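Trainee: Could you walk me through how to read a few features of a protein model? I would like the general idea and then the case at hand.

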Amino acid sequence: MIRLIKEYLKLEKVEGPLIMVSDVTDVAYGEFVKITVEQDDVRFGKVIKIDGNDVVVQVFEGTTGISTQNIAVQFMGKPLELALSLDMLGRTFNGVGKPIDGGINIASRHKANINGRPINPVARKYPRNFIQTGVSAIDALMTLIRGQKLPIFSGNGMAHNELAVQIVNQANIDDGEFVIIFGAMGVRHDDADYFRKSFETSGVLDHVVMFLNLADDPIVERISTPRTALTAAEYFAFDQHMHVLVIITDMTSYAEALREMSSIRGEIPSRKGYPGYLYSDLSTIYERAGMLENTEGSITLIPILTMPNDDITHPIPDLTGFITEGQIVLSRELNQKQIYPPIAVLPSLSRLMKDGIGEGYTREDHVDLANQLFAAYSHVQDIRSLAQIIGEDDLSDIDRSYLAFGRAFENKFVAQGHHENRSIAETLDIGWEILRILPISELDRLAPEMIDKYYKAGE
Amino acid sequence: MNENRLEGKITLVNGPVVQGSSMGAFKLNEMVTVGNKQLIGEVVILDGDKATIQVYEETEGLYAGEAIVSTGSPLSISLGPGMLGNMFDGIQRPLHKIESISPNFIPEGIGLISLDEQKPWEVNILVTAGQVLHGGEVYATVQETESILHKILLPPHISGTVASVKDSGVYTLHDVIVTLNLDSGGIYELTLMQKWPVRRGRPVAQRIPIYKPLITGQRVIDTFFPVAKGGTVALPGGFGTGKTVTQHQFAKWSDADIIVYIGCGERGNEMTNVLEEFPQLIDPRTNRPLMERTILIANTSNMPVAAREASIYTGITMAEYYRDMGYDVAIMADSTSRWAEALREISGRLEEMPAEEGYPAYLPSRLAQFYERAGCIETLNGDEASVTIIGAVSPAGGDFSEPVTENTKRFVSAFLALDKKLAYARHYPAINYLISYSGYVKLLEDWYKEHVAPDMLDIRGKMVKLLQEEEKLNEIVQLIGEDVLPNDQQLILETARTIKKGFLQQNALHKEDTYVSLTKQYKMLKVLDIFYESALACVKIGIPLSTIRKEEVYQQIVKMKYEVPNSQLYLLDDMMEEIKQSYAKLRDKYVE
């Protein structure tokens with residue numbers, strides 16, 4: 001059916017990033033809209049509400065300069081689509097997929113709706129392949145699995161960008177073809193530059209597609225940025241059968257943009273003013289990671305978010321944690337102790353690691369060792385608070401050995417250089433080395449044969 | 001099939017909420033198809049000529065002016081053979097079937113599909129012509145899976161005399177196998193299936209008081225906070241505390257006949273994991289794959305939110321249907337918070353007045369309606385059966401004072417609180433033994449006395465008390481250290497630690513430890529009790545705790561969960577003897 005594209009020249013209302021057009025017929029919910037302001041300024045929008053003949057459109061580039069009479073609105077008869085092609089590699093786009101690197105537009109017949117569709121749970125393949133990141137704390141204790149969604153919960157000023165770059169540089173995502181998709185929502189210019197430079201220095205830039213919405217870019221575009229990035233990721237993963245690593249940062253800015261939009265639309269707020277659908281909305285981003293049973297390729301997703309006030313119970317990290325398959329939490333305390341990467345091991349977790357480690361995947365002792373390290377380090381916290389009250393000298397010998405273990409754990413195991421790429425065997429060996437600080441009677445999470453083989457062997 | 005179907009027109013689209021005009025003749029809660037794509041929806045508000053519809057699929061691409069068409073019946077599901085071992089979406093559409101229509105991703109507008117209509121079933125017909133049948137009676141059976149016999153029941157409100165009967169043999173879902181002359185006049189054709197509106201509970205003859213436990217093989221549950229068949233359980237916990245693993249343990253090992261598992265707004269990979277894992281797991285009671293008794297309903301977090309609201313009702317209706325056959329059914333809803341959030345989201349779009357934290361004011365009544373569909377009952381057919389509901393709750397920020405947790409607490413009798421601190425210390429299952437409770441302990445007392453051991457609950461009480469005392473002592477220890485405490489108090493700390501490590505912590509991934517029989521649980525408890533009493537006797541005559549701890553047998557207690565296989569429980573009896581003897585010896589030596 002060919003539809004005549006009509007032009008509407010008058011607006012009923014302009015409010016924030018929204019415009020309202022009346023007396024409109026034949027418009028679809030979610031339809032893509034082209035808005036020409038004073039003949040040469042072309043902007044794009046999306047239908048977000050139809051009420052009889054009144055239509056509400058949200059404008060991606062913002063409404064500054066728009067009056068109720070200086071525009072021409074066209075409804076394009078299709079949703080916002082992204083043109084997809086292998087030529088995207090090495091390029092930089094804005095949040096709706098327009099090139100911002102001075103290059104030409106991507107021309108392709110292959111287009112996809114940026115909202116994507118939910119993966120059918122029966123079509124999913126359960127992720128089991130270990131990705132070695134070379135970062136001990138991650139590899140041993142919150143193992144990253146190919147196809148997993150594992151966010152970094154950080155705070156302002158902590159080393160999350162450095163950690164993300166180290167993971168990108170060191171992760172053995174695939175021996176052959178791999179793609180890195182980088183989506184930036186509301187990040188500062190220098191942060192975006194840092195990522196670009198790091199990709200350049202490590203020579204992976206040809207494998208990277210960047211979608212940038214910086215801190216001073218319009219917020220409506222910010223809301224579509226992760227969706228555009230993941231649409232590109234789905235193309236490379238499930239149409240081109242490559243292994244894709246997606247980094248999106250900062251989810252906090254994203255959620256704030258969503259809150260701003262929600263309040264402009266006059267919706268009823270729930271916790272801290274965020275809309276009631278924040279959970280469903282975040283899940284339509286995070287759940288796009290994964291693998292398919294009958295199709296090669298994978299999407300591994302590492303979202304980064306800064307916890308407002310370092311509060312893990314804030315709605316953004318909280319709802320994220322309920323959707324993602326674990327989390328890597330960074331600690332202000334370790335950061336101040338100059339420990340890099342400042343990974344807070346206890347609240348961190350990888351839900352998929354149980355099926356992707358151990359014999360046949362990493363090493364037979366991995367499961368027991370990880371459990372023991374967690375248990376022992378958790379006990380260290382109790383001893384530390386006790387030591388603060390009664391002083392270290394009054395502690396028993398065993399308690400003192402825990403304190404020594406705690407120090408070694410942080411300084412030898414968690415801490416490592418920005419370019420130090422440890423193999424999983426090295427990581428596990430360091431784990432055993434520091435466990436030897438504790439007497440054997442304290443190791444209650446280890447099978448006797450593991451103690452014989454690994455603990456005693458190094459003595 | 002529906003000649004006088006009604007038609008309205010779309011006037012408003014706002015996310016999953018659609019409004020239509022010229023819909024005065026539509027009924028409330030009627031199922032409708034929306035737009036040219038024929039999306040499935042349900043009428044939720046009627047206002048003069050206008051109607052508001054909640055749509056169960058993505059509404060992008062709907063045009064104002066497209067048709068809204070009535071189906072004439074409320075949101076209903078098909079009940080008949082073919083549910084076990086299958087995975088459905090929130091409105092009972094089989095996900096495998098959807099996958100074969102559209103690979104990998106879920107499309108919109110697939111229409112209403114449910115049970116497989118082509119599949120041949122070997123039907124055994126049990127009635128003869130002239131026989132009088134009442135609602136809920138069985139007129140045929142189908143061996144649905146090797147472990148479950150599917151009894152085909154007369155719909156509850158129908159009774160009559162059998163007019164004609166086909167021979168037993170192979171039939172498909174819609175074949176008429178029996179016709180009935182209704183008492184109220186007219187003829188009723190019986191097939192292998194019936195429809196039932198999901199929002200209405202299926203009737204029963206009467207409720208019976210709760211008296212038997214749902215055995216889960218999880219020590220902290222069976223021994224400390226038992227769950228009853230026909231009971232209601234809430235399982236609240238922040239993220240990372242192990243709600244899903246605990247729900248999976250319930251689904252795998254509890255001694256229900258049928259499991260309905262609702263993945264309500266949770267992760268896609270978790271459902272995939274169940275699909276991969278359950279067919280390989282063997283039910284210890286039937287020696288058949290667990291999948292044969294399991295129905296999965298998946299509305300993952302990125303699937304349409306309105307269907308999430310419906311998924312809970314779809315699940316409980318399936319559970320009631322199998323209950324009516326005389327089975328004990330357990331239903332796991334993971335998570336009810338997502339369901340409540342779906343209510344909130346839809347309520348917001350309907351512009352209703354919000355109550356606490358944006359949730360609609362009817363949240364408590366909806367929760368109550370859901371949990372009250374659990375129960376131990378007598379079916380219309382005179383059998384005893386039950387539905388047990390285990391609802392996970394995901395409190396925002398792990399804070400149990402939020403509305404969903406608070407309101408759920410009012411309607412459930414067992415509360416298994418998952419604790420972040422325990423989870424961080426990798427104490428799994430991270431069920432907090434101090435704030436959890438079970439209202440079923442008293443009701444199940446007789447059952448435990450008769451089937452396990454007369455003193456089981458007494459020892460349980462003693463252990464609970466020890467754990468509480470430890471908590472109090474810990475406050476002192478944090479100030480002055482443990483060594484300063486008197487010996488008998490140090491023993492309490494030591495014993496509590498042993499209870500935690502050796503009994504409460506249970507390894508879901510360990511072959512011997514993932515499921516533990518009640519007898520083994522009792523014997524392990526007894527070992528702990530004997531240790532405490534023997535050690536206490538030592539302490540009283542002044543033997544220091546460090547000496548007590550050095551005894552060889554003490555080291556074995558923590559490891560008994562791994563080292564004593566479920567098949568060799570006599571080893572625990574040996575251990576009890578050994579503890580008694582070695583501490584008696586220690587006392588003798590010390591007295592000398």
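Mentor: We will go through strand pairing, salt bridges and a surface patch in turn. Keep in mind that this is a predicted model.

Trainee: Let us begin with the strands. In which sense do β4(A) and β5(A) pair, and over how many bridges?

Mentor: The general idea is that two strands count as paired if DSSP finds at least two bridges between them. Here, strand β4 (residues 31-37) of chain A and strand β5 (residues 41-51) of chain A are antiparallel, with six bridges. To see one of these in the model, look for A:Phe32, whose bridge partner in β5(A) is A:Lys46.

Trainee: What happens in the hairpin of β4(A) and β5(A)?

Mentor: Three residues lie between the two strands, and A:Glu38 takes a positive phi near 45° there.

Trainee: Which strand do six bridges join to β5(A) next?

Mentor: That is strand β6 (residues 54-59) of chain A, which runs antiparallel to β5(A). A:Val47 has A:Val57 in β6(A) as its bridge partner. The hairpin of β5(A) and β6(A) has two residues between the strands, and A:Gly52 has a positive phi near 65°.

Trainee: And which strand of chain B pairs with β5(A)?

Mentor: Strand β1 (residues 7-14) of chain B does, in the antiparallel sense and over two bridges. You can find the spot at A:Ile50, which stands opposite B:Val13 in β1(B).

Trainee: Which parts does the pair of A:Lys453 and A:Glu364 tie together?

Mentor: Their side chains meet in a salt bridge of 2.4 Å, N to O. A:Lys453 lies in helix α12 (residues 448-455) of chain A and A:Glu364 in the loop between β20 (343-350) and α9 (366-390) of chain A, so the pair links parts 89 residues apart in sequence. A:Lys453 is partly exposed at 47% relative accessible area, and A:Glu364 is partly exposed at 26%.

Trainee: What about B:Glu533 and B:Lys462?

Mentor: They form a salt bridge whose closest N and O atoms are 2.5 Å apart. B:Glu533 sits in helix α13 (residues 518-540) of chain B and B:Lys462 in helix α11 of chain B, so this pair ties together parts that are 71 residues apart in sequence. B:Glu533 is partly exposed, with 36% relative accessible area, and B:Lys462 is partly exposed, with 30%.

Trainee: Which residues are linked in a network of salt bridges?

Mentor: A:Arg124, A:Lys149, A:Glu287 and A:Glu325 are.

Trainee: Last, the surface. Which residues form the nonpolar patch?

Mentor: The patch consists of A:Ile389, B:Ile476, B:Leu479, B:Ile480 and B:Val484, with about 460 Å² of accessible area together. Helix α11 (residues 456-480) of chain B gives the largest share, three residues. B:Leu479 has its place in that helix. With a relative accessible area of 55%, B:Leu479 is exposed, because the cut-off for exposed is over 50%.

Note on methods: Residues numbered from 1 in each chain as written. Chains lettered and ligands numbered in written order. Predicted model: local features only at pLDDT ≥ 70, side-chain atom pairs only at ≥ 80, totals over all residues. Heavy atoms only, no water. Patch = residues over 30% accessible without salt bridge, like charges linked within 9 Å, V, L, I, M, F, W, Y side chains within 5 Å. Areas by Shrake-Rupley, 256 points an atom, 1.4 Å probe, with all protein chains shown as cover. Salt bridge = Lys/Arg side-chain N within 4 Å of Asp/Glu carboxyl O. Helix = DSSP H or I, 4+ residues; strand = E, 2+ residues; numbered from the N terminus. Buried < 20%, exposed > 50% of the residue type's maximum accessible area, 1.4 Å probe, protein only.
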